[in-house]
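Please read these notes with the model open beside you, and check each point against it as you go.

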Amino acid sequence: MSLLVIGGTGTLGRQIVLQALTKGYRVRCLVRNLRKANFLKEWGAELIYGDLILPETIPPCLKGITAIIDASTTRPNDLTAMKKIDWDGKLALVEAAKTADIKHFLFCSALNAEQFSVIPLMKMKKRIEIYLKKSDIPFTIFRLTGFYQALIQQYAIPILEGFPIWITDEQAAISYIDTQDIARFCIRSLQLSKTKNKIFILEGPKSWLSLDIIKLCEELAGQSANVNQIPIPILKLFTNIIGYFEWGQNISDRLRFFEILNIKNKFSKSRVDLYKIFKIDKNEILKLEDYFLEYFIRLLKRLKDINFEDIQKQKNLIL
Ligand SMILES: NC(=O)c1ccc[n+]([C@@H]2O[C@H](COP(=O)([O-])OP(=O)(O)OC[C@H]3O[C@@H](n4cnc5c(N)ncnc54)[C@H](OP(=O)(O)O)[C@@H]3O)[C@@H](O)[C@H]2O)c1
């Protein structure tokens, strides 16, 4: 089977590429910047130029391909292009896949997108799901919760650097997940035909409140966090206004994210079913505690090494 990954340079996409190569798949990556994507080539993937904004660049990328994993989305610094990428680009991709007689199309969607049509990206995700289902291409849709990787930026780094963290006073919790585990589900899906023409919700093993994540980071960092809490009703009232400020952007995004992820989803069958279908041992799913522990150990070791290098340099200068 030859696989085309879109979004291979992204947080999730790179894990998919790595695991697919490890499993022996021939992997081609559609990328819009060949230089930036060079690390994927070094791993063993084939790079091909393509840009979802330029639909004519898509069909040549599909030559000789049997399956597609689409883990692409608009980058936060590119939001004006969102419609062109997450809507027009995806429609062009599905059309090209139909013409190329693709045997399996995996699409990364978002949890509860169907209930948040007021948020443009969620509306596009939902509509692409529908479009893909109607296309007659065998598909698997993964509705994803938030990634562990995003929590580093959101909590770990501000705590380490002493910056304020803005949170809501929400009591509901989010089941974040590691991208390596999502990648495992994606690759396993390619091997299991019974996952075709189905939608799966992928969540992590445990639900977390913001304050619990902060507490965990404080313990691991050995530093206290500077936490500012805003009650949700007030935040909802002011979300458009505070969105104009840098700190407010952060929290108003978080409010939307929080709202999306916390709606009780109707599709969430027992997680045990999911593990059984994908033949994945649930004990192998990475816990957030272990993810953070590994991050902090690596970081503290790096800081120690830098400190050691500085001392060596100073010694060399004195000599
Ligand atoms: N992050 C989350 O917490 C979360 C939660 C739920 C669902 N999801 C979904 O999971 C998937 C992966 O998310 P992520 O956070 O890993 O994404 P990401 O890190 O932001 O990466 C986005 C990827 O899309 C590529 N891309 C953007 N515009 C493109 C274009 N015009 N043509 C071709 N490629 C383009 C980027 O390429 P460049 O490197 O060239 O920019 C990059 O490889 C997405 O579908 C996302 O909506 C994410």
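1. Ile-68 has Phe-105 of β5 as its bridge partner. Strand β4 (residues 67-70) and strand β5 (residues 104-110) are paired in the parallel sense over 4 bridges, where pairing requires that DSSP finds at least two bridges between two strands; strands are DSSP runs of E with at least two residues, and helices are runs of H or I with at least four, numbered from the N terminus.

2. The model is predicted, so that local features need pLDDT of at least 70 and side-chain atom pairs count only at pLDDT 80 or more, while totals for chains, interfaces and linings use all residues. Residues are numbered from 1 along each chain as its sequence is written, and side-chain values use heavy atoms, with hydrogens and water left out.

3. An open sheet of 7 strands, with parallel pairing, runs in the order β3-β2-β1-β4-β5-β6-β8. Because β3 (46-49) and β8 (198-202) stand at the edges with a single partner strand each, one side of each is left without a neighbour in the sheet.

4. The axes of helix α6 (residues 148-161) and helix α8 (residues 210-221) come within 10 Å and cross at roughly 45°, the axes being lines fitted to C-alpha atoms over the stretch in contact, with angles from 0 to 180 degrees between N-to-C directions. The two helices α6 and α8 are therefore oblique to each other, a word for angles that are not under 35 degrees (roughly parallel), over 145 (roughly antiparallel) or 65 to 115 (roughly perpendicular).

5. Contact (heavy atoms within 4.5 Å) involves residues including Leu-151 and Tyr-155 of α6 and Ile-213 and Glu-218 of α8.
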